[in-house]
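Hi everyone, thanks for coming. I'd like to walk you through one model today, so please have a look at the screen.

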Amino acid sequence: MAFEDLLNDPVIQKYLHELVGPTGMPVAAAPPDGEVTDEELAEELGLELNDVRRALFILYENDLATYRRVRDEDSGWLTYLWTFEYENIPENLKEEMGRLLEAIEEREEYERTHEFYLCEVCSIRFEFGEAMDFGFECPECGSPLESMENNHLVDAMTRRVDELRDELNVDATS
């Protein structure tokens, strides 16, 4: 997938924004062809050099940019030449979705296997053990704690898990 196609995809735009934040987004959204220095990017985009470097490092940490060091023969200074590697984005997104699937599965299991109580005045939720420790009274306002049904939450998580498994082509046993 070409840079332009990737950058026009709202999911990928959101992914990049989550990685580099609003300050680094101009760096992520305007990858140059070939190698570029951080100074050139900062000047071209009108950004602070530290903001450009921060964004480049985040992209590097996520395998979306690489660099090559070149030493100036006269001054001995190192120059970093950056290249963007956005062909890794689809694989990175797949890994993120896998982590999300795992987290939702764990939370779904927790919600299914625990009993909860709610203070309807304060909207604070307690596990059974906590509610019992407080004598089924809210520690904040003293109101009685009511048994709470969370089936709608568990059902929503189950649907989301199924959707993610479908999208990732993963079996329930994996």
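Predicted model: local features only at pLDDT ≥ 70, side-chain atom pairs only at ≥ 80, totals over all residues.

Residues are numbered from 1 along each chain as its sequence is written, and side-chain values use heavy atoms, with hydrogens and water left out.

Let's begin with the domains. The domain assignment gives domain 1 as 3–84 and domain 2 as 90–168; such bounds come from an automatic or database domain assignment. Taken over C-alpha atoms, the centres of domain 1 and domain 2 are separated by 39 Å. How many residues are in contact between domain 1 and domain 2? Six residues of domain 1 meet four of domain 2, where contact means heavy atoms within 4.5 Å. About 380 Å² is buried between domain 1 and domain 2, and carbon and sulfur atoms give 70% of that. Buried area here is the accessible area (1.4 Å probe) that two parts lose on being put together, summed over both.

Now for the sheet with S1. A word on terms: helices (H or I, at least four residues) and strands (E, at least two) are DSSP runs, numbered from the N terminus, and two strands pair if DSSP finds at least two bridges between them. In this open sheet, three strands follow the order S1-S3-S2 with antiparallel pairing. Strand S1 (36–37) and strand S2 (65–71) are the edge strands, each pairing on one side only. Helix H4 (residues 49–61) packs on this sheet and touches S2 and S3, its direction making about 115° with that of S2. Those angles run from 0 to 180 degrees between N-to-C directions, with axes as lines fitted to C-alpha atoms, for helices over the stretch in contact.

Looking at the pairs, S1 is joined to strand S3 (residues 78–84) by two antiparallel bridges, and Thr37 has Leu81 as its bridge partner in S3. S2 and S3 pair antiparallel over seven bridges, with Arg69 partnered by Tyr80 in S3. The hairpin of S2 and S3 has six residues between the strands, and Gly76 there takes a positive phi near 80°.

Do keep an eye on Asp38, in helix H3 (residues 38–45). Is Asp38 buried or exposed? Asp38 is buried, with a relative accessible area of 8%; buried means under 20%, exposed over 50%, and partly exposed in between (1.4 Å probe, protein chains only). Leaving aside neighbours within four places in sequence, Asp38 is in contact with Leu49, Val52, Arg53, Leu56, Tyr80 and Trp82. Asp38 and Tyr80 are 42 residues apart in sequence, yet 7.3 Å apart in space, C-alpha to C-alpha.

On to the other sheet. This one is also open, with three strands in the order S5-S4-S6 and antiparallel pairing. Strand S5 (124–127) and strand S6 (146–148) stand at the edges with a single partner strand each, so one side of each has no neighbour in the sheet. Neighbouring strands here are turned by 40° against each other on average, direction ignored. Three bridges join strand S4 (residues 116–119) to S6 in the antiparallel sense, and Phe116 stands opposite Met148 in S6. H5 packs on the sheet, touching S4 and S5, and its direction makes about 80° with that of S5.

That brings me to Glu111, which lies in helix H5 (residues 89–113). Glu111 counts as buried because its relative accessibility is 1%. Its side chain joins that of Arg125 through a polar contact of 2.8 Å. By polar contact I mean a pair of N or O atoms within 3.5 Å; within protein, one must be able to donate a hydrogen and the other to accept it, and residues adjacent in sequence count only if both atoms are side-chain atoms. Not counting residues up to four places away in sequence, Glu111 touches Phe116, Arg125, Asn150, Leu153, Val154 and Met157.

Finally, some backbone angles. Most residues other than glycine have a negative phi. Asp63, in the loop between H4 and S2, has a positive phi near 55°. Phe136 also has a positive phi near 55°; Phe136 lies in the loop between helix H6 (128–133) and S6 and is partly exposed at 28% relative accessibility.

Thanks, and I'm happy to take questions.
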